[in-house]
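Reader: I am new to this structure and would like to learn how to read its features one at a time. Please give the general idea before each case.

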Amino acid sequence: MEWNLAHPLHDVEDIVEMADSFFGHEADGILKRDRGVFRHRVTVACTEQLFNKGREFIAVCRDTPLVTLDDGMTNQPRLLGFCWFDRGGYTTYSNEEISNAKFHHLDLGLPVRTRVRLVNEMIDQHILWAHTWGIPVVCSTSIRADHDGFMKIHKKRGFTVNGSYAWIRTEEAMKCLTK
């Protein structure tokens, strides 16, 4: 398994497919899903990330490294998961910036241990990215009906968990990195 920053030419279609096919039904009846809109937003964010790594963070985990074949084409390994974090979040009662996790998505067909490992790696990346850019608070949320396991991982990491929200001061979270 290998993590890389998401690339607008190599990763967007797989991100859109995973998000919509595994998790899209979570929004049914509330939002009208549009793959074109999502594809546009992922492409723009991945492109921006090439030039400004401090604005948003999108990473993909694939089962093997990307291989360039003799004919110049690339062999794209299977997408196992992706994470997307942004910055610029604030509460109405504080001026401290919050980095919010937009997505922690995984192939739900993976073994449970692998999914837990990937979620922990995503959380580590979130903490490290927020620390690098001086963002004092990280927050993860879930709209999934079944979010207990996801929140339990955060709680074990030291996050304060309230329902489907988990947050922690970045400096405290640095003490809880898994690697």
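Author: We start with a pair of strands: S6 and S7 run parallel and are joined by three bridges. Strands and helices here are DSSP runs numbered from the N terminus, a strand (E) having at least two residues and a helix (H or I) at least four. Two strands count as paired if DSSP finds at least two bridges between them. This is a predicted model, in which local features need pLDDT of at least 70 and side-chain atom pairs count only at pLDDT 80 or more, while totals for chains, interfaces and linings use all residues. Residues are numbered from 1 along each chain as its sequence is written, and side-chain values use heavy atoms, with hydrogens and water left out.

Reader: Which residue of S7 is the bridge partner of Asn-100?

Author: The general idea is that strands of a sheet pair through backbone hydrogen bonds, either parallel or antiparallel. In this case the partner of Asn-100 is Cys-139.

Reader: Is strand S7 largely enclosed or left open?

Author: Buried means under 20% relative accessible area, exposed means over 50%, and partly exposed lies in between, with a 1.4 Å probe and protein chains only. Strand S7 (residues 137–141) has four of its five residues buried, so the rest of the structure largely encloses it.

Reader: How do S7 and S9 pair?

Author: Their pairing is antiparallel, over five bridges. Within it, Val-138 stands opposite Ile-168 of S9.

Reader: What joins S8 to S9?

Author: Three bridges do, and the two strands run antiparallel. Asn-162 stands opposite Tyr-165 in S9. S8 and S9 form a hairpin with two residues between them, and Gly-163 in the turn has a positive phi of about 65°.

Reader: In what order do the strands of the sheet stand?

Author: Seven strands make an open sheet with mixed pairing, in the order S1-S2-S5-S6-S7-S9-S8. Strand S1 (2–5) and strand S8 (160–162) are at the edges, each with a single partner strand, so one side of each has no neighbour in the sheet. From one strand to the next the twist averages 20°.

Reader: How many bridges link S2 and S5?

Author: Strand S2 (residues 56–62) pairs with S5 over seven bridges, in the antiparallel sense. Ile-58 stands opposite Trp-84 in S5.

Reader: Which strands does H1 lie across?

Author: To read such an angle, take axes as lines fitted to C-alpha atoms, for helices over the stretch in contact; angles run from 0 to 180 degrees between N-to-C directions. H1 lies across S2, S5 and S6, and runs at about 95° to S5.

Reader: Is Asp-86 buried or exposed?

Author: Asp-86 belongs to strand S5 (residues 79–89). With a relative accessible area of 17%, Asp-86 is buried. Contact means heavy atoms within 4.5 Å. Not counting residues up to four places away in sequence, Asp-86 touches Arg-55, Glu-56, Ile-98, Ser-99, Asn-100, Lys-102 and Trp-129.

Reader: Where does Ala-130 lie?

Author: Ala-130 is in helix H3, and with a relative accessible area of 0% Ala-130 is buried. Leaving aside neighbours within four places in sequence, Ala-130 is in contact with Ser-99, Ile-135, Val-138 and Thr-170.

Reader: What does Arg-39 contact?

Author: Arg-39 lies in helix H2 and is partly exposed, with a relative accessible area of 27%. Beyond neighbours within four places in sequence, Arg-39 is in contact with Val-12, Glu-13 and Val-16. Val-44, also placed in helix H2, is partly exposed at 46% relative accessible area. The C-alpha atoms of Val-44 and Pro-8 are 7.7 Å apart in space, although the two are 36 residues apart in sequence.
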